[in-house]
Amino acid sequence: MILAVLAGCSQPPKPSNKILLWHWMTDRNDTLQKLAQQYQQLTGIEVTVQLFAPSDSYSQKIIAAAQADVLPDIYGILDKKTIVAEFIKAGLVADLTDDMEADGGKWKDSLFDKALADRRFEAGNIYGVKPGIYGVPIDVTDEQMLYNKKLLLKAGIKAPPATFDEFIKDAQALRRVGIVPFVSGWGELWLLDCFASNYALNIMGEQKIFATYRGEVKYTAPDWVKVFNVFDELRDKEVLIDGIVTKGNKYAEQDFALERAAFAFNGSWCVNVYHDMNPDLDYGVIPPPPISTAFPLKIWGGAGSSFVVNAGSPNKDKAIAFLKWLTAQQQQVVLARETNNLPSNKEAIFGVAPILEEFAKGMNQSTHPNIWPINEDPTVSEAFDKGIQDIIIGEKTPLQVAQDVQKVKDLQSSRGNH
């Protein structure tokens, strides 16, 4: 078990007018500090905001604090839903359902539902967690395609592609004038997996994907081979930047911001990143161009950053009140404008930059593995993503990768049966 909650003999601390908040968000620290000072002036409650970065170090600190039973009043859990569930079952995360639904559900209804879904556990969930809402999103995010308007015009392209075939033709036009068509941080498997999921959803739909995870459909089925063929075509038509399978996302962000590629695949957080790298960058946002009309192309989206409340905190009620204030419209507008992130409060969307409004439109067609009823075994997912990397570098064909992934799936299934 990751968590070991230690039972001590000391007296629990008494409630106070001080709240301690830990976070990892370097780009939002100044704004959070400013809002905390404003909250103290309004209420007399002192909110101490402490930054621990990078995120890996922060996560280690949270685990250590959980084991030592010294978690702050408010914190975030940067891990999969399975780990969030362990924190909840260990009594380290407060159930916020009653607070969210008080006053006719006003707080809950002000937030994007898909952002809440990341920290909401439904009845009969596979994690064994009591149904409820266990976190507060302070922003939302989704992953889409970006296009450089100036570079497209250089290649005679007047509008972004509406279909995958148009995207391939545009990439060839860009190559003819010496412009690299596409970049993304596909050295990071999660981002590659996200892109692949978009096309899997578009080609076969959610239900067939879930059936595959349950072992009812094989990865060698024609639809899955079509998904792998997407990457074979991207390689064959020279759409991708050299070295994409080893490129970290921060380097991919530099490539797009400095106009070394015309298209990119990235999340809405990139708006802040690109602005810092190149304030004059002129770009737009579209979903990945669909390859099929059989099913809608969905994008990954939901909660970006979220906080939980320590269930054992003597200041739990004050912590909840602060998060309710932080996610109210006025404070969300401040966060959105100063940090270039999409607000979690639906009523604050009017306050974001135009480019973020384009990202916001994608929330209507978003989904995320964290809210799916079933997920693939991590070992199989890794084989899937690494297999796509092998296709991109020309080491394996789509059919070979499909067969390899199915072998891993069969092995994991046999182990599970034992």
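Modeller: Helices here are DSSP runs of H or I with at least four residues, strands are runs of E with at least two, and both are numbered from the N terminus. Bear in mind that this is a predicted model, where local features need pLDDT of at least 70, side-chain atom pairs count only at pLDDT 80 or more, and totals for chains, interfaces and linings use all residues. Residues are numbered from 1 along each chain as its sequence is written, and side-chain values use heavy atoms, with hydrogens and water left out.

Biologist: How many of the residues of α8 are buried?

Modeller: Buried means under 20% relative accessible area, with a 1.4 Å probe and protein chains only. α8 is largely enclosed by the rest of the structure, because its buried residues number 20 of the 25.

Biologist: Which helix does phenylalanine 231, the ring partner of phenylalanine 195, lie in?

Modeller: Rings of Phe, Tyr and Trp (its six-membered ring) pair if their centres lie within 6.5 Å, and planes over 60 degrees apart count as edge-to-face, under 30 as stacked and the rest as tilted. Phenylalanine 195 and phenylalanine 231 are edge-to-face, 5.9 Å centre to centre with 70° between the planes. Phenylalanine 195 lies in α8, so the pair ties together parts 36 residues apart in sequence, the other part being helix α9.

Biologist: What is the relative accessible area of phenylalanine 263?

Modeller: Phenylalanine 263 belongs to a cluster linked by ring pairs, whose members include Phe167, Phe195 and Phe231. Phenylalanine 263 is buried, and its relative accessible area is 0%.

Biologist: Which ring does lysine 61 sit over at 4.7 Å from the centre?

Modeller: The test is NZ of Lys or CZ of Arg within 6 Å of the ring centre and within 35 degrees of the ring normal. Lysine 61 lies over the face of phenylalanine 52 at 4.5 Å. The 4.7 Å value belongs to tryptophan 22.

Technical notes:
Buried < 20%, exposed > 50% of the residue type's maximum accessible area, 1.4 Å probe, protein only.
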